[in-house]
Amino acid sequence: AAFSADGAQIATASEDRTARLWQAASGECIRTLEAHGDEVESTAFSPDVTLLLTASFDGTAKLWSVASGESLCALEGHASGVNLASFSPNGAL
């Protein structure tokens with residue numbers, strides 16, 4: 001799981017092929033992100049909390065809009081699963 005920099009949200013990764021965004025204070029699920037073909041292994045918020053990166057055993061990493069839940073792009077090309085999602089400290093892509 002990953003906490004947003006402002007502490008307001010939590011992103012979780014799951015074997016059910018989804019990532020979920022949660023309100024940290026209430027524990028309410030804000031949205032479910034579905035686009036991976038295998039379990040999601042890792043999540044990471046951008047420092048400004050506008051983007052979420054997910055890494056999956058389907059061999060992709062996906063970039064999402066936190067506000068809309070829209071999948072913005074897929075990083076493809078790995079021969080096997082992607083184990084870790086991370087942003088640079090300054091949030092540059």
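Me: How many residues sit between strand 7 and strand 8 in their hairpin?
Reply: Five residues lie between strand 7 and strand 8. Keep in mind that this is a predicted model. In the turn, Gly 69 has a positive phi of about 80 degrees.

Me: And how many bridges hold that pair together, parallel or antiparallel?
Reply: Strand 7 (residues 61-65) and strand 8 (residues 71-75) pair over four bridges, in the antiparallel sense. Ala 61 is opposite Leu 75 of strand 8.

Me: Which strand does strand 4 pair with, and over how many bridges?
Reply: Strand 3 (residues 18-23) is joined to strand 4 by five bridges, and the two run antiparallel.

Me: Which residue in strand 4 is the bridge partner of Leu 21?
Reply: Arg 31 in strand 4 is the bridge partner of Leu 21.

Me: Now the cysteines. How many disulfides does the structure hold?
Reply: Zero disulfides.

Me: What about Cys 29, how accessible is that residue?
Reply: Cys 29 is partly exposed, at a relative accessible area of 29%.

Me: And what's the relative accessible area of Cys 73?
Reply: For Cys 73 the value is 33%, which makes Cys 73 partly exposed.

Definitions and conventions. Residues numbered from 1 in each chain as written. Predicted model: local features only at pLDDT ≥ 70, side-chain atom pairs only at ≥ 80, totals over all residues. Heavy atoms only, no water. Disulfide = S-S within 2.5 Å. Buried < 20%, exposed > 50% of the residue type's maximum accessible area, 1.4 Å probe, protein only. Pairing = 2+ DSSP bridges.
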